[in-house]
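Take a walk through this model with the structure open beside the text.

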Amino acid sequence: MTKFVTSTDINSQENKDRYSSGQKWVFQATFMNYAMAHWTRKSYTNVKMSLMHAGVNPLTLTAMDSGFMFTYAGGSFITGQLGDRFSPVVVVGLGLLGSTICLLLIVFGASTSIISNVALCGTWFLTCQLLHGAFQATGGPVNTAIMGNWFPAKGRGLVFGLWTCHQYIGDIAAALASAYILHAGYDWRWCIVVPAIINGVWSFVNFYMVPNTPEEYGVVTEASNAKAASQAAKIPQEEVAPIGFIQAFMLPNVMNYAIAFGFFKLVNYAMFFQLPIILSSHFTPSTSNVISALYSVGMMPGGIVCGWVSDLYGGRRACVIATFMGILCPLLLIFAEFMDVLPVYWLLLLLAFMGCLVGGPNNIITSAVAADLADDPSIKGNNRALGTVTGIINGSGSITAALGQLAIPVLYAMGMKDGVGYRYVWYFLIVCTFVGTSLMSGRIFKELYPHSAEATPIIASRHAGYTPISSEDSKA
């Protein structure tokens, strides 16, 4: 969408108001995009039992989950590049529309003779979910790219921290909608059809009503004025080409953050998936699920707090993330040694607090940190890098986390053999937290000693990262 520009003064009140209204709309629209992605994703998982009762083999459902994670991780690398090369809102819209089609195909398969055909059933549902993972991969990298176009580095932490609540809103909407539909006695297929239809409708909102950049919304910027001046002087301007995958991967700190995020995401996945099982040895299954939900509740404010605090400290996000992880390690150690004897109230409090500590860094790395990394001085002037950078972090993180998950059942078996239960799993998570934090040491050093880093060319060339901290901020 493009709006008519009525003023060329960047500092005019009209331009400021237009920019502010555009920011609010883009925040809401991309928030809805990501929330819908999570709602549609969870809508399928919420009716797994119904699919099994309808005739889908449990092994097929397991293959669908694994296939989804595989195409989601691989798709993140590709969709990030697409978002930087084509209209990001079109890429997001196609992702939403594709998710709708995949979900409707799953419902179609469960409602026809396909489900009773042994040879066709597994292939049909697995193919649908493989495609679904690829379409869902547009959510993180491309929506983050759109947000990065609209929100500058200063104050970005809090904005992105609030924005990352989208996933929890989507998950909550999925749970409530499914619970209502099933409790009211409607057919379970409506749990998938309702979000699929809303998702499809919202995709067209992206096609026609969401602007990629402030310039498309009619906001006057330095870039738009420079372009207008060049056109008036008949000076040809070359279109800035998006950076390549290898170039993005070689940007300072991108590789380190991508792997670090993988370790943090592994800790998150382990807590999220294993807590109900771990707690079930002390509580009933229903109580275990309620208690473990406190971890998810704690994650929601985690991103907000982490982003807000990093803004207070001039964008020093690596230091804040390291602080969060440093506090998490002793709490994991407490769980490893004393979980079996912890009073229930302390257990509840620690789980909520740990959710905040894990959720903060996980949310902020894939949003504000990714946006900061894409602003690296080495590609100054090129605003078509954020989707690729976010895709690399998302994809690498998902792959690292998936591989790390393979160690958990092995460690659990060792713990059971030695009579210590999940203790070795907790130790493993402590090591993952330490390794992930250590990978950010170069950036932490530069944030703590910016002048020393600048005075050492070798260190600066290898460890220079995103630079939202201006010289003016340093003096303040």
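Is glutamate 14 buried, partly exposed or exposed? Glutamate 14 is partly exposed, because its relative accessible area is 38%. The scale is simple: buried means under 20% relative accessible area, exposed means over 50%, and partly exposed lies in between (1.4 Å probe, protein chains only). This is a predicted model, where local features need pLDDT of at least 70 and side-chain atom pairs count only at pLDDT 80 or more, while totals for chains, interfaces and linings use all residues. Residues are numbered from 1 along each chain as its sequence is written, and side-chain values use heavy atoms, with hydrogens and water left out.

Stay with glutamate 14. Its partner in a salt bridge is arginine 18, with the closest N and O atoms 3.9 Å apart. A salt bridge here is a side-chain nitrogen of Lys or Arg within 4 Å of a carboxyl oxygen of Asp or Glu. Both residues sit in helix H1 (residues 13–45), four residues apart, about one turn of the helix. Helices are DSSP runs (H or I, at least four residues), numbered from the N terminus.

The whole structure holds four salt bridges. One of them joins glutamate 447 to arginine 443, with the closest N and O atoms 3.1 Å apart. This pair lies in helix H19 (residues 441–448), again four residues apart, about one turn of the helix. Both glutamate 447 and arginine 443 are buried. Arginine 189 and aspartate 187 form another bridge, at 3.0 Å from N to O. Arginine 189 counts as partly exposed because its relative accessibility is 21%. Aspartate 187 is partly exposed too, at 36%.

Now turn to helix H6 (residues 139–150). Its 12 residues should span 16 Å at 1.5 Å a residue, and its end C-alpha atoms are 17 Å apart, so the two values agree. The expected span is 1.5 Å times one less than the number of residues. H6 is mostly covered, with 11 of its 12 residues buried. Among them are Pro141, Asn143, Met147 and Trp150.

Serine 76 belongs to helix H3 (residues 58–85). Serine 76 counts as buried because its relative accessibility is 0%.

Next, the nonpolar cores. Each is a set of buried Ala, Val, Leu, Ile, Met, Phe, Trp, Tyr and Cys residues joined through side-chain atoms within 4.5 Å. The largest has 61 residues, of which Met271, Ile321, Leu328, Leu332, Phe335, Ile365 and Trp426 touch the most other members. Helices giving two or more residues to this core include H12 (254–279), H14 (317–338) and H18 (423–438). H12 provides the largest share, 15 residues. Another core, of 24 residues, lies apart from it, and its members include Val91, Val142, Phe160 and Cys165.

Tyr180, Tyr186, Trp190, Val194 and Ile198 make a nonpolar patch of about 510 Å². Patch residues have over 30% relative accessible area and no salt bridge; like charges are joined within 9 Å, and nonpolar side chains (Val, Leu, Ile, Met, Phe, Trp, Tyr) within 5 Å. Accessible areas come from the Shrake-Rupley method with a 1.4 Å probe, and for residues only the protein chains shown count as cover. Helix H9 (residues 190–209) gives the largest share of the patch, three residues. Isoleucine 198 lies in H9. Isoleucine 198 is partly exposed because its relative accessible area is 33%.
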